[in-house]
Amino acid sequence: MPDIVVCIKQSIDIEQLKFDPSTRAPILAGAPKKMGEMDKRAVEEALRIKGRMGGSVIALTIGGAEVEDVMRRAYAMGVDEGYLVTGPELGSLDSSTKIKVLTAAIKKMPHFDLVLCGAASSDFFSWQVGPGLAALLGVPVITSAKKLDIQGDELVVECDLEKGTYTLKTKMPAVVTTTLDINEPRVPSLMAVLGASKKKAKVLTLEEIKMAPAKPLVQVSSIYMPEVKRKKVIFDCSEAAKLEEAMNRLIDALRKEEVME
Amino acid sequence: MRYVRKKSWNKGMNKNILIFSEDLGLLPELISGAREVASKLGGEVLAAVIGSKVEGETKEISKYGIKVLVVDNAALEPFDAGRYGEVLQQLTVNYSAELIMIGATTRGRDVAASLAAKLGIGCVTEVFRIDLEPEMTFYRSMYATAIAKEIITSSPKVIAVKPKTWARPETREGGKIEKVNVKVEPSRIVQVSVKPKEVIAEKIEDAEVAVIGGKGVEKKEDLEILRHLATALGGKGGKVGVTRPLAADYKWMSEWVGMSGVAIKPKLYVGVGISGQPQHIVGIRDSKIVVVINKDPKAPLFEVADYGIVGNLYEVLPLLTEKCKK
């Protein structure tokens, strides 16, 4: 009966993120957020393992006040318990520091066999948390899992890498990171969502996990949308009569651009 | 055989550049990048080749005129990111590395994160450009389509660099090979099986003209309609690809175009029935000319189009193909 800790992140919803047209900087204030797509699959996988084998599922996240939303979502999906490391500056930590904080929080927990997390967050895509956690916890890591089985005290993991599909085994405790391909995460029912709003996560402060706020190891000096100038010549051919003319103009244009044979 | 001595860490004195790639094919381009950085830092470029029975591979690397550190140890088979991180940790300290540059394959990123965590230093992954002035700045993608410029405040620093960031260097004289003995516990991973990726005859990243299908394409057989257009527009250089849902979910192809798949930069990109998720757009951003065909005028892909056709792809494509042939 494995005890599983799932690390989740409230990510910026990049499909809704807007950029300032003049400065080309992201408009982060009030940008919609949601649980990372790969993180959702980590929660789903943990719940499926619990469904098959028993055990427990704890969700863990760090950040400012806004992270309560992501914890409610995890409760609605069905996790047993939530741990929240909060502090005013925790929202903008670099990966290296986040990994330290998550490790300290996991070490506060009574026991774990498996730590699951999304292979990458849906906004930063650093791919660092899983292997970083494993290094600090002193356990093995298998990343980019698309299938996960537990046999006795061993994990059997299938993962897609650049050169092929690998089936790997390792003994628990271990860290596994999940990709989009591992499962289709459940959508919680309205009842589950309402029920989750009553659940309270355990809050850990930096003092409780014996971490002092430190200078960031990585500083973001700027974020911007690269300028790609496109011509945006649009032909409306929703009426079939316009199609012929539009095709002729398009082919003329492509010949002038010298991009077709 | 040289044994690594424990050495006290001279803060601020590190200036060498250590490069590593689990995929040895990426090492030459890392050598090019490391030399650029070394011209500023003034240190030496050292390439680490780590694994079991890897000694044979080292000559190939040393012919680029650099010192290769070989850590050949049966304990390092199969690949275990944590163990590789421990090896690089020792090399970083003992060879006074200021910057550790790692090829950003999946496993490379894992090693980078593991190394950074063990040393308690800053790490930036997915780096595709480095500025050296006024201070060392790493460029990487952020929010899928945007770019972040980042500075690592720690010394040393770890980065994972995207393939094709630099060109391969010319070979030159002066290469050295140094065997290094490192203390490392055996790998904790057991490799049960590996199924190599099938070699794809039609490599979409090599296309001159790339016609890419999205969810607007109703069935797999209809990709033939795209193929006719690709051939009419680009001849042999005209190729067909798909977006992530069509490959990962419907299994119509084994690879897809986009952030998690293949990034392409053809002369001409034609997006057919693609709404335009940010993750797709980032994979086609460097195309010379972008043509978008979609019946939904609100499809976000039109925002990045040079030429757009609002219309039904099943009417547009056959007619366009026909006219191209004339």
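Visitor: Which residue takes a positive phi just after α2(A)?

Guide: The model is a predicted one, in which local features need pLDDT of at least 70, side-chain atom pairs count only at pLDDT 80 or more, and totals for chains, interfaces and linings use all residues. Residues are numbered from 1 along each chain as its sequence is written, chains are lettered from A and ligands numbered from 1 in the order in which they are written, and side-chain values use heavy atoms, with hydrogens and water left out. Helices (H or I, at least four residues) and strands (E, at least two) are DSSP runs, numbered from the N terminus. Just after α2(A), a positive phi of about 125° is taken by Gly78(A).

Visitor: Against which elements of chain A do the buried residues of α2(A) pack?

Guide: Buried means under 20% relative accessible area, exposed over 50%, and partly exposed in between (1.4 Å probe, protein chains only). In helix α2 (residues 68-77) of chain A the buried residues are Val70(A), Met71(A), Ala74(A), Tyr75(A), Ala76(A) and Met77(A). With contact taken as heavy atoms within 4.5 Å, these buried residues pack against β2 (10-12), β3 (33-35), α1 (37-53), β4 (56-63), β5 (81-86) and α5 (190-196) of chain A.

Visitor: Which residues are linked with Glu37(A) in a network of salt bridges?

Guide: A salt bridge is a side-chain nitrogen of Lys or Arg within 4 Å of a carboxyl oxygen of Asp or Glu. Glu37(A) forms one with Lys40(A), the closest N and O atoms being 3.1 Å apart; both residues lie in helix α1 of chain A, 3 residues apart, about one turn of the helix. Glu37(A) is partly exposed at 23% relative accessible area, whereas Lys40(A) is buried at 15%. The network links Glu37(A) with Lys34(A), Lys40(A) and Arg41(A).

Visitor: How many salt bridges are there between chain A and chain B?

Guide: Over all chains, the structure holds 37 salt bridges. One that spans the two chains pairs Asp23(B) with Lys163(A), whose closest N and O atoms are 3.4 Å apart. Between chain A and chain B the count is 5.

Visitor: Why does the salt bridge of Lys232(A) and Glu303(B) join two chains?

Guide: The side chains of Lys232(A) and Glu303(B) meet at 3.2 Å, N to O. Lys232(A) is partly exposed, with a relative accessible area of 44%, and Glu303(B) counts as exposed at 52%. The pair joins two chains because Lys232(A) lies in the loop between β12 and β13 of chain A, and Glu303(B) in the loop between β15 (289-294) and β16 of chain B.

Visitor: Which residue of β16(B) stands opposite Val233(A)?

Guide: Two strands pair if DSSP finds at least two bridges between them. Here 4 bridges join β13(A) to strand β16 (residues 307-310) of chain B, and the strands run parallel. Opposite Val233(A) stands Tyr307(B).

Visitor: What area do chain A and chain B bury between them?

Guide: The size of an interface is often given as the accessible area lost when the parts come together. Buried area is accordingly the accessible area (1.4 Å probe) that two parts lose on being put together, summed over both. In this model 74 residues of chain A are in contact with 81 residues of chain B. Of the area buried between the chains, 59% is on carbon and sulfur atoms, and the total is about 6,900 Å².

Visitor: With which side chain does the side chain of Glu126(B) make a polar contact?

Guide: Glu126(B) is found in strand β6 (residues 123-131) of chain B, and is buried, with a relative accessible area of 8%. Leaving aside neighbours within four places in sequence, the residues in contact with Glu126(B) include Phe125(A), Trp127(A) and Tyr139(B). A polar contact is a pair of N or O atoms within 3.5 Å; within protein, one must be able to donate a hydrogen and the other to accept it, and residues adjacent in sequence count only if both atoms are side-chain atoms. At 3.4 Å, the partner side chain is that of Arg109(B).

Visitor: What share of the residues of chain B count as buried?

Guide: The secondary structure of chain B comes to 8 helices and 16 strands. Its C-alpha atoms fill a box of roughly 70 × 45 × 35 Å, taken along the principal axes. Of the 326 residues of chain B, the share that count as buried is 60%.
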